[in-house]
Amino acid sequence: MLLEKGVSQELINSNLQIIKGDIRDASTIKPALMLNGRIVNIIVSGLGSTPSLTAKVDWNICRDGVPNIIDAVASLNPTTPPFLAVISTTGITKGPRDVPLAFIPFYHVALASPHEDKRLMEGAVLKAASKLNNEQTLISGYTIIRPSFLVDWKEGTKLRVGTEEKPILGYTISRQSVGRWIYEDVIAEGGSKWSGKTVTLTY
């Protein structure tokens, strides 16, 4: 996949590390958070489940997985906690409506379970970013990314960005566009550009 995108094999070999594990197994989470003997400075979680008519779906993976990542970070006791970016979803906002009216029945009925999973995940992120009894926070900052309905189509040319307070309404966005935006606007910026923000992405 990366080769098809023009990434050289040399670059892949020197930068990509694949660790087989389970998001519910702390012993496999911890190695994934380390690079050259030190904890990474930015963590991106794209946990989620895909609806299926034939297979059992785990609608608890986000609410369980992200807190496990945060717990693994805490157990490593870093001098400087890492920044955490998580991919969530539109349709669960406490602010102004962030999905088109036509999507509301589909989102609130067919996607009720995965949306509840994402909502609880977001709560875990906000809790980790809060100071408890004047102690150091478990993460140095966060960005919650809420893309509109994810598709595997070719990237569009007009990605639009909103916030929870001022969302941008749209129907779909490609996974490639979301990944590109996370790299360019979160990772490359060290997390600072959208720190503490909940961001909506759509075409």
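**L16 and beyond**

Tutor: L16 is partly exposed, because its relative accessible area is 45%; buried means under 20%, exposed over 50% and partly exposed in between, with a 1.4 Å probe and protein chains only. The model is predicted: local features need pLDDT of at least 70, side-chain atom pairs count only at pLDDT 80 or more, and totals for chains, interfaces and linings use all residues. Residues are numbered from 1 along each chain as its sequence is written, and side-chain values use heavy atoms, without hydrogens and water.

L16 sits in the loop between α1 (9-15) and α2 (26-32). Helices (H or I, at least four residues) and strands (E, at least two) are DSSP runs, numbered from the N terminus. With L2 and I18, L16 makes a nonpolar surface patch of about 310 Å². Patch residues have over 30% relative accessible area and no salt bridge; like charges are joined within 9 Å, and nonpolar side chains (Val, Leu, Ile, Met, Phe, Trp, Tyr) within 5 Å. Areas are Shrake-Rupley values with a 1.4 Å probe, and for residues only the protein chains shown count as cover.

The loop that holds L16 also holds R24, which reaches D58 in the loop between β3 (42-45) and α3 (61-76). R24 and D58 form a salt bridge, with the closest N and O atoms 2.7 Å apart. The criterion is a Lys or Arg side-chain nitrogen within 4 Å of an Asp or Glu carboxyl oxygen. D58 is partly exposed at 29%, as is R24 at 40%.

E122 and R146 also meet in a salt bridge, 2.7 Å from N to O. E122 lies in α5 (112-128) and R146 in strand β5 (141-147), so the pair ties together parts 24 residues apart in sequence. E122 is buried at 6%; R146 is buried at 2%. R175 is in helix α6, and D152 is in the loop between β6 (149-151) and β7. R175 is partly exposed at 43%, whereas D152 is exposed at 63%. Shared partners join R24, D58 and D64 into one salt-bridge network.

Now the rings. The whole structure has 7 aromatic pairs. F103 and Y171 are edge-to-face, 5.1 Å centre to centre and 80° between the planes. Rings of Phe, Tyr and Trp (its six-membered ring) pair if their centres lie within 6.5 Å; planes under 30 degrees apart are stacked, over 60 edge-to-face and the rest tilted. F103 is buried at 17%; Y171 is partly exposed at 46%. W181 and W194 form a tilted pair, at 5.9 Å and 50°. W181 is buried at 5%, and W194 is buried at 17%. Ring pairs also link F103, F106, Y107, F149 and Y171 into a cluster.

Last, the whole chain. There are 6 helices and 9 strands. Buried residues make up 39% of the 203. Mean pLDDT, the predictor's confidence in each residue from 0 to 100, is 91. Confidence is lowest in α1, at a mean of 87, and highest in strand β4 (83-87), at 98.
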